[in-house]
Amino acid sequence: MDRRRALLLENIDPVAAELLGSAGYETESVRGALDEDDLIAALDGVEVLGIRSKTQVTAEVLRRRPDLAAVGAFCIGTNQIDLRAAAGAGVAVFNAPYSNTRSVVEMAIAEIIILARRLVDRDRALHAGSWDKSAAGSHEVRGRTLGIVGYGNIGSQLSVLAEALGMRVLFHDLEDKLALGNAQRCDTLEELLEQAETVTLHVDGRAGNAGLFGAEQFSRMRRRSLFLNLSRGFVVDHEALREHILSGHIAGAAVDVFPDEPREQGDPFTSVLRGLPNVILTPHVGGSTQEAQHDIGRFVAGKLADYAGSGTTTLSVNLPTVALHGSSADRFALLHRNVPGVLARVDALVGEHGLNVDGQVLATRGELGYAVTDVSAALSPDLLAALRALPETVRLTTFGRRAD
């Protein structure tokens with residue numbers, strides 16, 4: 001049998017290719033992202049796709065490449081993937097919700113200190129040949145108030161480290177989150193903005209967060225406060241941020257994500273924030289440490305390999321969750337429309353083709369059901385054809401001797 005193919009885009013850590021290779025995949029790695037047409041062409045014969053944040057996996061991509069079985073987002077967010085279309089096509093999606101948390105948090109802490117001490121301006125002055133030794137505008141972070149917008153994995157860990165530095169921590173989140181340490185919850189974003197001297201955004205990529213922070217929010221912030229965004233580029237109105245920096249209302253900012261980012265390393269970058277005083281601009285590297293990228297590569301590739309090898313969907317973001325291990329029996333996994341009676345018809349077909357069910361597990365998620373069945377002997381082509389012919393079938397995958 002020909003080796004199955006995997007495609008990894010956007011400079012994913014080599015450990016991912018190694019793990020997928022060990023799982024039986026012939027893996028191609030590409031440094032940059034691909035647009036829709038190029039991605040469709042590149043996915044010819046590919047079963048597993050790995051991406052980071054720039055490649056868009058659209059409904060059209062999924063429609064044109066029905067052989068695609070799984071997508072790994074080697075990052076936290078999955079808003080670059082049409083999850084509903086992927087589920088409808090039977091394509092499992094996995095991500096890395098925790099692996100780069102520490103890297104982002106450490107960068108946020110560093111930038112808070114750098115902005116508070118105005119080290120960006122001091123550095124630029126020295127590089128320009130000017131000795132500007134002054135305490136004007138420089139402050140300790142100890143005793144100052146940090147406002148965290150979004151109290152998920154990153155925001156909550158940042159809360160702990162900031163408090164260890166002696167900062168008072170406020171947070172706001174749409175969900176009811178448990179406060180860590182002495183952090184205090186703010187019921188509204190406005191309440192947080194009126195108190196915090198530094199505001200940092202750590203929200204997710206849901207569509208409702210687009211334009212979350214604009215002129216109104218900047219004007220509500222305390223005068224001479226600091227602002228950070230290490231979450232999503234479309235969350236912030238950069239024109240409004242520029243105006244408030246130039247007016248002196250915002251004393252400094254650090255921005256790691258942008259509404260429109262270059263596709264490949266070395267491409268030109270434009271932004272209205274370039275050249276502003278006490279502003280740190282970084283090229284979406286909050287989670288880009290060697291440690292984080294290695295952990296992400298290992299984690300997501302491991303999930304993809306487990307799915308391909310045993311059918312387990314643990315931590316899939318769009319399919320019903322079933323935790324499985326390898327089996328010496330032949331196994332098939334049926335992703336199907338979640339309607340009554342499907343499992344009974346599956347078991348009846350197994351019996352009609354002279355097999356016993358050795359083990360079976362079912363999980364449902366919204367409109368989908370996922371049934372994994374181990375049987376007593378080899379799966380026959382006739383049984384597989386009958387299972388695929390069920391009107392509720394979305395995707396049928398076989399394991400063991402892979403009779404398909």
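Which residues does the domain assignment of the protein give to domain 1, domain 2 and domain 3? Domain 1 takes in 1–95 + 289–319, domain 2 covers 101–281, and domain 3 spans 320–399. The model is a predicted one.

**Placement and contact of domain 1 and domain 2**

- Taken over C-alpha atoms, the centres of domain 1 and domain 2 lie 32 Å apart.
- On the domain 1 side, eleven residues make contact with domain 2, and ten residues of domain 2 take part in return.
- About 800 Å² of area is buried between domain 1 and domain 2.
- Carbon and sulfur atoms account for 46% of that buried area.

**Polar and charged links between domain 1 and domain 2**

- Three residue pairs are in polar contact between domain 1 and domain 2, counting pairs with both residues at pLDDT 80 or more.
- The side of domain 1 that touches domain 2 is made up of four nonpolar, four polar and three charged residues.
- One salt bridge is counted between domain 1 and domain 2.
- A salt bridge joins the side chains of Lys54 and Glu261, with an N to O distance of 3.7 Å.

**Cavity**

- Searching the whole structure turns up one cavity of 30 Å³ or more.
- The largest cavity holds about 30 Å³ of space.
- Its lining consists of Gly90, Tyr307, Leu319, Ala333, Leu335, Tyr370, Arg395 and Thr397.
- Of these lining residues, Gly90, Tyr307 and Leu319 fall within the bounds of domain 1, while Ala333, Leu335, Tyr370, Arg395 and Thr397 fall within those of domain 3.

Note on methods. Residues are numbered from 1 along each chain as its sequence is written. This is a predicted model: local features need pLDDT of at least 70, side-chain atom pairs count only at pLDDT 80 or more; totals for chains, interfaces and linings use all residues. Side-chain values use heavy atoms; hydrogens and water are left out. Domain bounds come from an automatic or database domain assignment. Contact means heavy atoms within 4.5 Å. Buried area is the accessible area (1.4 Å probe) that two parts lose on being put together, summed over both. A salt bridge is a side-chain nitrogen of Lys or Arg within 4 Å of a carboxyl oxygen of Asp or Glu. A polar contact is a pair of N or O atoms within 3.5 Å; within protein, one must be able to donate a hydrogen and the other to accept it, and residues adjacent in sequence count only if both atoms are side-chain atoms. Ala, Val, Leu, Ile, Met, Phe, Trp, Tyr, Cys and Pro count as nonpolar, Asp, Glu, Lys and Arg as charged, and the others, Gly among them, as polar. On a 1 Å grid over the protein atoms alone, a cavity is a set of points where a 1.4 Å probe fits but cannot get out, and a pocket is an open set with protein on both sides within 12 Å along at least five of seven lines; lining residues have an atom within 4 Å of a point. Grid points are joined across faces, edges and corners, and a volume is the space filled by probe spheres set on the points.
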